[in-house]
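Reader: Hi, I'm new to this one. Can you walk me through it?

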Amino acid sequence: MFNEICIYEVKIDKQEEFEELIKEVAEFYKSHTGVINVNYIKRTHRQSDFNSAKNGEPPIRLTRFQGKVIYMLVWVLENEIIHGELTKAGLEKYYKRFNRCLTTMPKILLGENIV
């Protein structure tokens, strides 16, 4: 399996537009052969500190956003060839709409399954 984790920094006033866009993008990706899973996640919580995590305390819900809202894509595909083909197709179809919503270019992490 081949994985992409992508971190997006979205303008506060573009959250609704971005969430509609990622619903459309997820359906586009899911409709293709070789795509195992597509999840978009909105950052809604944070740890207080390491000691609270060690003590098993629950994370703290975010109540406000400063300048940006963080979203993550977790995308699982059969292999890197399918990833390359679908990345190209997705960028051709959605790049301009994504770009309007983002404060900066996304951070993209790619790799193969270990466990």
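Predicted model: local features only at pLDDT ≥ 70, side-chain atom pairs only at ≥ 80, totals over all residues.

Reader: Where do Tyr8 and Phe98 lie?

Author: Tyr8 is in strand β1, residues 2–10, and Phe98 is in helix α3, residues 80–101. The pair therefore ties together parts that are 90 residues apart in sequence.

Reader: Buried or exposed, those two?

Author: Both Tyr8 and Phe98 are buried.

Reader: What about Phe18 and Tyr71?

Author: That pair is tilted, because the planes are at 50 degrees, with ring centres 4.8 Å apart. Phe18 lies in helix α1 (residues 15–30) and Tyr71 in strand β5 (residues 69–77), so parts 53 residues apart in sequence are tied together. Phe18 is buried, at 0% relative accessibility. Tyr71 is buried too, at 1%.

Reader: Which residues do ring pairs link into a cluster?

Author: Tyr8, Phe18, Tyr40, Tyr71 and Phe98.

Reader: New topic. How many residues are in the largest nonpolar core?

Author: It has 24. Among those touching the most other members are Tyr29, Val38 and Trp75.

Reader: Which element gives the most to this core?

Author: Helix α1, with seven residues.

Reader: Back to Phe18. What does Phe18 touch?

Author: Leaving out residues up to four places away in sequence, Phe18 touches Tyr8, Val10, Tyr71, Phe98, Cys101 and Leu102.

Notes. Residues numbered from 1 in each chain as written. Heavy atoms only, no water. Helix = DSSP H or I, 4+ residues; strand = E, 2+ residues; numbered from the N terminus. Buried < 20%, exposed > 50% of the residue type's maximum accessible area, 1.4 Å probe, protein only. Phe/Tyr/Trp six-rings, centres within 6.5 Å; stacked < 30°, edge-to-face > 60°. Core = buried A, V, L, I, M, F, W, Y, C linked by side-chain atoms within 4.5 Å. Contact = heavy atoms within 4.5 Å.
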